[in-house]
Amino acid sequence: MFARLPPEAGDAVTLSIDGKACTARTNDTVAAALLASGLDHCRTTGVSGAPRAPYCMMGVCFDCLVTIDGIGNRQACLVPVREGMRVEVQRGKRELGR
Amino acid sequence: MSAGLAASYDVAVIGAGPAGLAAATTCANAGCATVLFDEGAMPGGQIYRSIEDTPLRERSVLGESYWRGRTLVESFRASGARYIAGATVWSLTRDREIGVSFDGGSALTYAKRVILCTGALERPFPIPGWTLPGVMTVGAAQTLLKSSGLVASGKTTLAGCGPLLWLLAAQYLRAHAKLEAILDTTARENRAHALPHALPFLFSSYVADGIALMREVKRQVRVISGVTSLRALGDRKVSAVAYRTGGEEKTLEVDNLFLHQGLIPNVNLAMAAGIAHRWDEAQLCWVPELDRDGNSNLEGVAIAGDGAGIAGGEAARWRGVLAGVAAVRAIGGNVASGDEQRARKELARTLRGRGFLDALYRPARNFRIPEGDTIVCRCEEVTAHEISATVALGCPGPNQMKAFLRCGMGPCQGRLCGVTVTELIAAARGVSPREIGYYRLRPPVKPITVAELAALPKSEAAIKAVTRS
Amino acid sequence: MPDTRRDFDIAVIGGGLVGSAIAWGLARCGKRVGVLDEGDVALRASRGNFALVWVQSKGLGLPPYSAWTMRSANAWREFADALEQQTGISVAFERPGGFNLSLSEREWEARRDLLQRIQDQPGMQRFPFEMFDRERVKQAIPQIGPEVVGASYSRFDGHCNSLRLFRALNVGMQQLGATYLAEHRVEDIEHTGGEFRLTTRSGEVRAAKVVLAAGIDSVRLAPMVGLNVPVRPQRGQLIVTERTAPFLHYPMQTVRQTDEGTIMIGDSQEEVGADPSSTRDVTAVLANRAIRIFPQLATLNIVRSWGCLRVMTKDGFPIYEQSTTCPGAFNASCHSGVTLAAAHALFLAPQIAEGQLSPQDFAPFSARRFDVRALAA
């Protein structure tokens, strides 16, 4: 669980996580937005189905993989949030065409 | 897609931390056509992440060691070097052809000189349960703080050893965030080994910063020293951490557990390019073999910053300058000799005391070499026991281990398991990590799409080799 | 050199797929086997396999090779079951039939002509193949791209999980008492007093028989035991994607999906000496061809590349040989270590155990065929 430090700086950005609307801040990465929203895990692995969440926040662990705007296995910590972005938990393996 | 990417540059710098910024600034100021590729959205690397737009304007929270990076970024912005953000370099050949992915596509460019400043990453900390959601690195916590003003708000515990642990703790406290405890895994026997290095340390810049920081933290947070074992517990996310200080195991409830036991160079691009590395027993990691200007065994390719060996942000900057100076001169440009002299002097100053820190914070063996069901390869979910059992079958090293267990075959390409696997196999076989070696790495060192690769130029010979007609 | 000495009935030089399959087969025959392997970093042709148990398009120029291949493919189920029963490791062998896709009419016709020519060879044990039009292929593989005009199909083709195969053979042979010795590169072989003395940097090994299964290194070792193994390295490159939900169940040359979900994309044939590097150039061609076959692969991530060196003879066929001047020395070289694993384990190994390769099975694969050609040239 994470909380924003006051004062609020930067503009609010609205995105959806698994269909639910959530507010982030400009310059957030998708990973930061997910953690701020209180999401427990951002993916389940394609090996065992175990839940994972961001670990390194710098693009080397590949645990923050999510589906963004219909494209799977994006590293959430390397993608800045954008208004209207659709983020989905990455459930298992990538799908063809998604 | 490759809008504005020239076919070639005088100097290509990879990485926008202190080393990359200093190197690119030095080269651009000397008149070289310079490009800097940054995987991030804004310059600063990890240590100075979000320094141009952090929401934490009050300087005291992040501290002066962070804010001094501001001048580096400003100098870089003023230098005229071409800056390409959101650019992941996935390949570097001996001939200095660079494969880079940005704006949704891949492009190629050449440079007469390449300076790799891809920095470091956190040493893996393979404790039971380290893959549970809610367990993160201290660096991750810092990034969330710097970039997004986010602090862990439930029960938060830090565990591990090293200066970064104390720095994060201090930053959290100054931000009025609560910390349940710090589980300090600094091995007691390290003090004796660190003592011979104490004198240079006492005269180094680390003393003032470091000791004050620790005092500040210890006043306000419960610190449990001499922790000899750790387990992250929980079902689908972390809910507690169990630890020992020699006696019985105790537990602390946690919502977030931040781990840190030092940094290691991020070797993937360097190794895939063919740069020779050696095992450093003092820092327990692979470091490139470089001359005093950072030049590697590859003609025209140098490494600066923590990727050359862990030495901190200040040293990275000066190594960046030196590599930049060498690059400029190699191309036939001019740099004032005073600049080089100053950089060497400053570098020597910042290196003073590293020996002490390396010795004092040398991670304990059981935190580097796990046992049983502890996951070693996070990507492929391979456990310590599986690796040990495969060594018992006769598997001699990490590359054969890949074939047996898929260990190291995931997208992180061994960044989070490599040193663990090397040390685990070394321990199981009773030989040194140097003898065991490391994964053979090849491009792409970061994933790129099939389409990106497919769109790159192809020679007749290559086409013929595939279609055979 | 350490003062250690080991004795075996049979020493197998080479711990790749060929050596391991033979060693497992020998151990099953009750022989005391030692497998001598190099260290962690070695050429290891096995690493470049495509995990195919492949029959179609083999044997142009040597019908016995087609027969040997088919014999192996037909025995593969029994082989996989035996391995699983013994070790508990399933190697995921499936034989749904395999496709070779054509991206133009010209390719399709050339493929048909090739397969027909193979079947029409004198002495060929014929087996059917089918040429499918696009519609037929699409029924089996809906995701094919618009450029795919058709395919050749053979119901005799299959695939497996080759990493688990390698592990099963290793575990299996050791369970049967074989000894695996890494870091035992053979420097010299002496045939004296009716036995073979192998000098390695980790000690001496003695055995009544020796099997060369050392890939490219067999070139160096062969003369030591009165054999000739003219093989050369031929590079093949591969790229591999992230794990993807299953969509391709049929084995195919050049693109196949593993049971883990990763998609393997190959392959090249390059004469570059002993250089196993991946190149941007060739991998770009591989990626491009993969998208032409399956457009939806375009957005998938490539997580690694491989470059590997096949063990290649002048005519592309194996060399199975036993030495006349040094009785008890054998050689096994091929570039289809997965397909032939069953035959190596179930048919070749027992003959080596007996000390005699049957001329009927193996005369066509003798290296003397190269001398004949040289004479005829």
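This is a predicted model: local features need pLDDT of at least 70, side-chain atom pairs count only at pLDDT 80 or more; totals for chains, interfaces and linings use all residues.
A salt bridge is a side-chain nitrogen of Lys or Arg within 4 Å of a carboxyl oxygen of Asp or Glu. By that rule, three salt bridges link chain C and chain B. One of them joins Glu380(B) to Arg243(C), with the closest N and O atoms 2.8 Å apart.

Residues are numbered from 1 along each chain as its sequence is written, chains are lettered from A in the order in which they are written, and side-chain values use heavy atoms, with hydrogens and water left out.

As for confidence, the predictor gives the complex an ipTM of 0.97 and a pTM of 0.96. Chain C averages a pLDDT (the predictor's confidence in each residue, from 0 to 100) of 95, and 97% of its residues score at least 70.

**Chain B and its two partners**

Contact here means heavy atoms within 4.5 Å. Buried area is the accessible area (1.4 Å probe) that two parts lose on being put together, summed over both.

| Pair | Residues in contact | Buried area | Carbon and sulfur share |
|---|---|---|---|
| Chain C and chain B | 49 residues of chain C, 43 residues of chain B | about 4,000 Å² | 58% |
| Chain A and chain B | 36 residues of chain A, 48 residues of chain B | about 3,500 Å² | 59% |

On the chain C side, Asp40(C), Leu163(C) and Arg280(C) supply 17% of the area that chain C buries against chain B, more than any other three residues. There are also 21 residue pairs in polar contact between chain C and chain B, both residues being at pLDDT 80 or more. A polar contact is a pair of N or O atoms within 3.5 Å; within protein, one must be able to donate a hydrogen and the other to accept it, and residues adjacent in sequence count only if both atoms are side-chain atoms. The helices (H or I, at least four residues) and strands (E, at least two) are DSSP runs, numbered from the N terminus. Among them, α5 (162-175), β12 (232-241), α7 (280-293) and β15 (301-312) of chain C each give at least two residues to the side that touches chain B. The largest share, 11 residues, comes from α7(C).

Turning to chain A, Phe2(A), Leu5(A) and Tyr55(A) supply 23% of the area that chain A buries against chain B, more than any other three residues. Two salt bridges connect chain A and chain B; Asp63(A) pairs with Arg378(B) in a salt bridge whose closest N and O atoms are 2.6 Å apart. Polar contacts between chain A and chain B number 16 residue pairs.

**Inside chain B**

The domain assignment, which is automatic or from a database, gives chain B domain 1 (8-121 + 264-335), domain 2 (124-261) and domain 3 (369-435). The centres of domain 1 and domain 3 of chain B, taken over C-alpha atoms, lie 30 Å apart. Eight residues from each of these domains make the contact, and about 730 Å² is buried between domain 1 and domain 3 of chain B. Asn268(B), Trp279(B) and Trp286(B) supply 64% of what domain 1 buries there, more than any other three residues. Between these two domains the rule finds zero salt bridges.
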